[in-house]
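The model is a predicted one.

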Amino acid sequence: MKIIFLDIDGVMNSERFYHKTPNFEWDMFCPYSVILLNKLTDETNAKIVVSSSWRKNNSVEELSTLFKKNGITGDVYSSTHVLFYKNCDHSVSRGNEIQLWLSQYPETEQYVILDDDSDMLYNQRKNFVHVNPVKGFVKKDYNKALKILMIK
C-alpha cells in the first residue's frame, strides 16, 4: 500500500489561491493543486491519509465528502491520530503522529508527506515534500512526491 500524508492549509489552499479567488471560502481547494493530487493518486494508486489539523474537527467521512466536493478523486483512507504525551497537555508533533500511524499499518510499502510545516521526524525526511504555503502544491512538489512513491 502507498500512502500520501496530506496537509490541507498551505498545501491544497495556498495564500496565492486565497488572495486571487473572489468569494474564497474556507473549504475551497486550489484547482491546480487538486489536478496534481489526482494525477499523483492515479499514477501511484496511493491512498490519502489526512494529517492536517482538519482531522481534529472532521471525521474521515466528512473529509472524504469535502475532498469530493473539491474534485479530489483519490481514496481518503484514514487520518492520523490525535495523541498526547503521558501526563502532559501538549499534543505531539505531526511527525510523531505519522510514525504512530505507520506502526499501526505495517502493510504501508511507501509513503510521502505533503506539508508546509516541518515538524517531521529525522527518519521521515526522505519521504517529506516541504510545500511552500504561498504557492501550495505545485508541479515541482508533485515531481518530488512521484519520485518518492515510485521507489521500489
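## Strand pairing

Strand E2 is joined to strand E3 (residues 76-79) by three bridges, and these two strands run parallel. Within this pairing, Val49 stands opposite Ser78 in E3. The path that the chain takes from E2 to E3 leads through helix H3 (residues 60-69), and the β-α-β crossover made in this way is right-handed.

E2 (residues 47-50) is also joined to strand E1 (residues 2-6), here by four bridges, and again the two strands run parallel.

In what order do the five strands of the open sheet lie? They follow the order E3-E2-E1-E4-E5, and the pairing is parallel. The edges are formed by E3 and strand E5 (128-130), each of which pairs on one side only. From one strand to the next, the twist averages 25 degrees.

## Helices on the sheet

Two helices that pack on this sheet can be described by the strands they touch and by their directions. H3, the helix of the crossover between E2 and E3, packs on the sheet and touches E1, E2 and E3, while its direction makes about 135 degrees with that of E3. H5 likewise packs on the sheet, where it touches E1, strand E4 (110-115) and E5, and its direction makes about 160 degrees with that of E4.

## Helix H2 against helix H5

Besides packing on the sheet, H5 (residues 139-149) has a helix alongside, as its axis and that of helix H2 (residues 31-44) come within 10 Å and cross at roughly 15 degrees. Because this angle is under 35 degrees, H2 counts as roughly parallel to H5. The crossing in which H2 passes H5 is right-handed.

Which residues make the contact between the two helices? From H2 come Tyr32, Leu36, Lys39, Leu40, Glu43 and Thr44, and from H5 come Lys139, Tyr142, Ala145, Leu146 and Leu149. Sorted by class, the contact of H2 with H5 contains seven nonpolar residues, together with one polar and three charged residues.

Methods. Residues numbered from 1 in each chain as written. Predicted model: local features only at pLDDT ≥ 70, side-chain atom pairs only at ≥ 80, totals over all residues. Heavy atoms only, no water. Axes fitted to C-alpha atoms, helices over the stretch in contact; angles between N-to-C directions. Parallel < 35°, antiparallel > 145°, perpendicular 65-115°, else oblique. Left-handed = near helix turned anticlockwise from the far one by under 90°. Contact = heavy atoms within 4.5 Å. Nonpolar A, V, L, I, M, F, W, Y, C, P; charged D, E, K, R; others polar. Pairing = 2+ DSSP bridges. Right-handed = clockwise from strand over helix to strand, strands pointing away.
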